[in-house]
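Thanks for making the time this morning.

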Amino acid sequence: MTLSELFHSLTSQLQELYSRQESESLIIWLFEEYLGKSRRDISNNIALDSLPIELENAFNELLEGKPIQYVTGKAPFYGREFLVNSSVLIPRNETEELVHLILKENKKSGIRILDIGTGSGCIPITLALEITGSEVFALDISEEALSVASQNAKSLDAKVVFQKCDFLNEEIPFKNLDIIVSNPPYVRISEKEMMHANVLKYEPHLALFVQDDDPLLFYRHIAQKCKNALNPNGRLYFEINEVLGSSTSDLLTDNGFKEIRILKDLNNRDRMVSAVLR
Ligand SMILES: C[S@@+](CC[C@H](N)C(=O)[O-])C[C@H]1O[C@@H](n2cnc3c(N)ncnc32)[C@H](O)[C@@H]1O
């Protein structure tokens with residue numbers, strides 16, 4: 001069998017679940033990971049002696065609907081590769097946009113930053129690597145997530161202090177911070193039915209969901225607790241549920257923040273909020 005024949009056979013099987021374009025991209029991702037071959041190699045009529053068992057297993061997992069990042073155990077974020085497993089959320093493009101915003105607006109070296117609900121550690125590790133001399137801290141309730149985040153910091157050579165903390169029941173264990181960033185759970189249980197089956201089946205529900213009657217639970221805790229932890233004029237940066245921009249903004253106004261902005265992502269949806277402590 002040639003690489004091209006294999007590509008067409010796998011792509012057409014995967015179209016039971018994904019569009020043609022998505023299926024092609026996913027198979028190329030597998031080829032790069034397990035065969036070291038790129039899209040360009042497919043047209044070169046390369047003969048394959050046998051199909052590596054790792055590729056076959058990975059393809060079967062994809063066919064079951066497992067996200068490719070959990071199949072390969074890796075996800076790209078802001079130009080770097082992060083380890084992921086079922087204990088952490090797969091880093092999203094919107095979160096890269098949030099990190100980009102923070103980097104654009106905070107060029108001073110030596111600032112102190114805390115990430116609340118760190119998951120894979122994609123946010124604090126990227127900030128620690130991109131902002132010279134920054135001191136970066138990160139919290140999560142999940143020991144499994146913290147273990148993944150620590151492995152990522154080690155393999156990417158980033159200095160981040162990780163600490164286990166149930167943020168809803170504990171105070172912020174760090175002081176004199178210049179920035180607090182968070183992409184906390186914000187999907188309402190009632191939104192479950194609109195979500196892709198793959199997300200529901202494979203991604204950690206602890207990372208995703210909040211009760212319908214209190215969707216801003218995490219944002220309220222952060223807005224209230226951060227006053228003792230942020231420096232004067234310290235900044236908050238949130239990723240938000242696109243339908244909750246104005247209520248998040250109201251919450252921050254009620255808690256004494258100024259310069260509150262609701263910002264759109266590349267898809268023109270309200271996905272970020274930033275504010276400054278008075
Ligand atoms: C939406 S995920 C964000 C993960 C990562 N920051 C990202 O952007 O990919 C939310 C994270 O909050 C954590 N979390 C949930 N409840 C928490 C709590 N009570 N205290 C601290 N962290 C919590 C979850 O374990 C999860 O890693």
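Predicted model: local features only at pLDDT ≥ 70, side-chain atom pairs only at ≥ 80, totals over all residues.

Residues are numbered from 1 along each chain as its sequence is written.

Let me begin with the chain as a whole. The protein chain contains 12 helices and 11 strands, where helices (H or I, at least four residues) and strands (E, at least two) are DSSP runs numbered from the N terminus. Its C-alpha trace spans about 65 × 40 × 30 Å along the principal axes. The radius of gyration is 21 Å, which agrees with the value near 19 Å that a compact globule of 278 residues would have; that radius is taken over C-alpha atoms, and the globule rule is 2.2 Å times the number of residues to the power 0.38.

The chain is divided into domain 1, residues 3-65, and domain 2, residues 87-277, with bounds that come from an automatic or database domain assignment. The C-alpha centres of these two domains lie 35 Å apart.

As for burial, 36% of the 278 residues count as buried, and here a residue is buried if 20 or more other C-beta atoms lie within 10 Å of its own, exposed if 12 or fewer, and partly exposed in between, with C-beta atoms placed from the backbone. Among contacts between residues at least 6 apart in sequence, 65% join residues at least 24 apart, a contact being two residues whose C-beta atoms, placed from the backbone, lie within 7 Å.

Now to the strands. Strand S3, residues 112-116, runs parallel to S6 and is joined to it by four bridges, with Ile113 standing opposite Ile179 in S6. S6 also pairs in the parallel sense with strand S9, residues 230-239, over five bridges, and Leu236 in S9 is the bridge partner of Ile180. Pairing here requires that DSSP find at least two bridges between the two strands.

S9 also holds Phe238, which counts as buried because it has 27 C-beta neighbours inside 10 Å. Leaving out residues up to four places away in sequence, Phe238 touches Ser182, Tyr219, Thr248, Met272 and Val273. Tyr219, for its part, sits in helix H11, residues 217-225, and is buried, with 24 other C-beta atoms within 10 Å. Beyond four places in sequence, the contacts of Tyr219 are Pro184, Phe238, Thr248 and Leu251.

Next, the ligand. Its shell has 23 residues, of which the closest are Gly117, Gly119, Ile141, Phe167 and Ala207; a residue is near a molecule if its C-beta atom, placed from the backbone, lies within 6 Å of it. Helix H7 (122-130), strand S4 (135-140) and helix H10 (205-208) are the elements that give two or more residues to this shell. By type, the shell divides into 14 nonpolar, seven polar and two charged residues, where Ala, Val, Leu, Ile, Met, Phe, Trp, Tyr, Cys and Pro count as nonpolar, Asp, Glu, Lys and Arg as charged, and the others, Gly among them, as polar. H7 itself is mostly covered, with seven of its nine residues buried, and these include Cys122, Pro124 and Leu127.

Finally, the backbone. Most residues other than glycine have a negative phi. Strands S1, residues 74-77, and S2, residues 80-83, run antiparallel and are joined by four bridges, and Phe77 stands opposite Arg80 in S2.
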